[in-house]
Amino acid sequence: MERAHIWLDEHSVHVLIDGEFDRTVASNLTAEDLLELRLRGANPAGPPLATPAAVRAGDLHPNAVIEIDRAVDASGNITLGPARLKIGANLARRRVTLRSDGHLVHVVADGALTKTLPAPADLDYTRLRGVRLAVDALPPAPAGPIHVERRVGRDGVVMVTRQSLRIGRVHAGKNVTIIVEDTHLRVLHNGEELSLHARTSNQPVTRFTAYAPRPDR
C-alpha cells in the first residue's frame with residue numbers, strides 16, 4: 001500500500017508517494033479551508049516541496065511576481081498575448097525567462113539578468129501559457145560593462161558590434177579600449193577618453209581583442 005504525503009496552500013498542492021515527489025496541481029482551497037484542516041489535525045507545512053502550480057485565471061495576487069519562459073524570435077522580439085516586447089538581436093533564437101511584478105519585465109538568460117523593460121499595460125498574465133509564480137531571487141546583472149580592444153585604421157575608424165566609430169585620423173594606428181555600455185560606446189587610449197558615441201546596434205560583441213598590425217601599416 002502506497003503512502004501519500006500532501007503539502008498544500010491556497011495556490012498549490014504537492015504530492016509525494018512513498019517519499020518521492022509525484023506531482024503538483026492547482027489548489028482550490030481558501031484560508032478558511034486550511035484553518036479547518038489545521039483544526040482536524042493537519043500539521044503546519046514546512047518549505048514547499050516543489051515550485052508553485054501554474055497561475056490560474058483570477059488567482060494572481062496584485063503584488064505577485066511571475067515568470068514565464070519564451071523563445072526570442074529571429075528579430076529579437078517576444079510576443080506575450082497582444083503585447084510584443086523588443087528583447088534585442090543579441091538574444092535572437094534563444095530561450096529566456098521573463099520575470100514581471102506588473103511594473104517591470106526582467107529578461108533572464110543563462111542565469112543572468114540581461115535587460116529590464118516596462119511591463120505591458122493591462123496584460124493579463126493568467127491567460128498566458130506557462131506562467132508560474134517566481135520562487136527564486138532575481139539574478140544579478142553581469143558585473144560591469146564589456147571592454148574590447150581595437151586598432152584604429154588609417155581612416156581613423158574602428159568597428160564594434162557592426163557599428164563604425166569615427167575616432168579621427170590623428171589616432172590612426174593606436175590600440176584603443178572601447179567600453180560597450182547599454183546606450184553608449186566610450187573610446188579610451190591610455191585611460192584618456194577620445195570620443196563618446198551613441199550605441200545604435202544591439203549586436204553582441206564577438207571579438208574582444210585588436211587584430212595584429214599588418215606589415216604594410
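Predicted model: local features only at pLDDT ≥ 70, side-chain atom pairs only at ≥ 80, totals over all residues.
Student: How many bridges join β4 to β7?
Tutor: The two strands run antiparallel. Isoleucine 66 stands opposite serine 100 in β7. The number of bridges joining β4 to β7 is six.

Student: Which side chain meets glutamate 67 in a salt bridge?
Tutor: Glutamate 67 lies in strand β4 and its partner in strand β7, so the pair ties together parts that are 32 residues apart in sequence. Both residues of the pair are buried. The N to O distance is 3.1 Å, and the partner is arginine 99.

Student: Which side chain meets aspartate 69 in a salt bridge?
Tutor: Aspartate 69 lies in strand β4 and its partner in strand β10 (residues 132-133), so the pair ties together parts that are 63 residues apart in sequence. The N to O distance is 3.2 Å, and the partner is arginine 132.

Student: Is aspartate 69 buried or exposed, or in between?
Tutor: Buried means under 20% relative accessible area, and exposed means over 50%. Aspartate 69 has 24% relative accessibility, so it falls between those limits. Arginine 132, its salt-bridge partner, has 23% and also counts as partly exposed. For aspartate 69, the class is partly exposed.

Student: Why does arginine 84 count as exposed?
Tutor: Exposed means over 50% relative accessible area. Arginine 84 counts as exposed because its relative accessibility is 53%.

Student: Which residues touch the most other members of the largest nonpolar core?
Tutor: This core has 19 residues. The elements that give two or more residues to it are β4 (66-71), β5 (77-80), β7 (95-100) and β8 (104-109). The largest share, three residues, comes from β8. The residues that touch the most other members are Leu80, Ile87, Val96 and Leu98.

Student: Which residues is valine 96 in contact with, leaving aside its neighbours within four places in sequence?
Tutor: Valine 96 is among the residues that touch the most other members of the largest core. Its contacts are Ile68, Asp69, Arg70, Val72, Ile78, Leu91, Val107, Val108 and Ala109.

Student: How many residues are in the second, separate core?
Tutor: Its members include Val148, Leu165, Leu185 and Val205. The second core has 12 residues.

Student: Which are the edge strands of the four-stranded open sheet?
Tutor: The order is β11-β14-β15-β16, with antiparallel pairing. An edge strand here pairs on one side only. Neighbouring strands are turned by 25° against each other on average, direction ignored. The edge strands are β11 (146-151) and β16 (192-198).

Student: Which residue stands opposite isoleucine 146?
Tutor: Six bridges join β11 to strand β14 (residues 175-180), and these strands run antiparallel. The residue opposite isoleucine 146 lies in β14, and it is valine 180.

Student: Is threonine 161 buried or exposed?
Tutor: Threonine 161 is found in the loop between β12 (157-160) and β13 (163-166). Leaving aside its neighbours within four places in sequence, it is in contact with Arg199, Ser201, Gln203, Pro204 and Val205. Its relative accessible area is 7%, so threonine 161 is buried.

Student: What percentage of the residues of the protein chain count as buried?
Tutor: The chain has one helix and 16 strands. It exposes about 13900 Å², and carbon and sulfur atoms supply 51% of that. Of its 217 residues, the buried share is 34%.

Notes. Residues numbered from 1 in each chain as written. Heavy atoms only, no water. Pairing = 2+ DSSP bridges. Axes fitted to C-alpha atoms, helices over the stretch in contact; angles between N-to-C directions. Core = buried A, V, L, I, M, F, W, Y, C linked by side-chain atoms within 4.5 Å. Buried < 20%, exposed > 50% of the residue type's maximum accessible area, 1.4 Å probe, protein only. Contact = heavy atoms within 4.5 Å. Salt bridge = Lys/Arg side-chain N within 4 Å of Asp/Glu carboxyl O. Areas by Shrake-Rupley, 256 points an atom, 1.4 Å probe, with all protein chains shown as cover.
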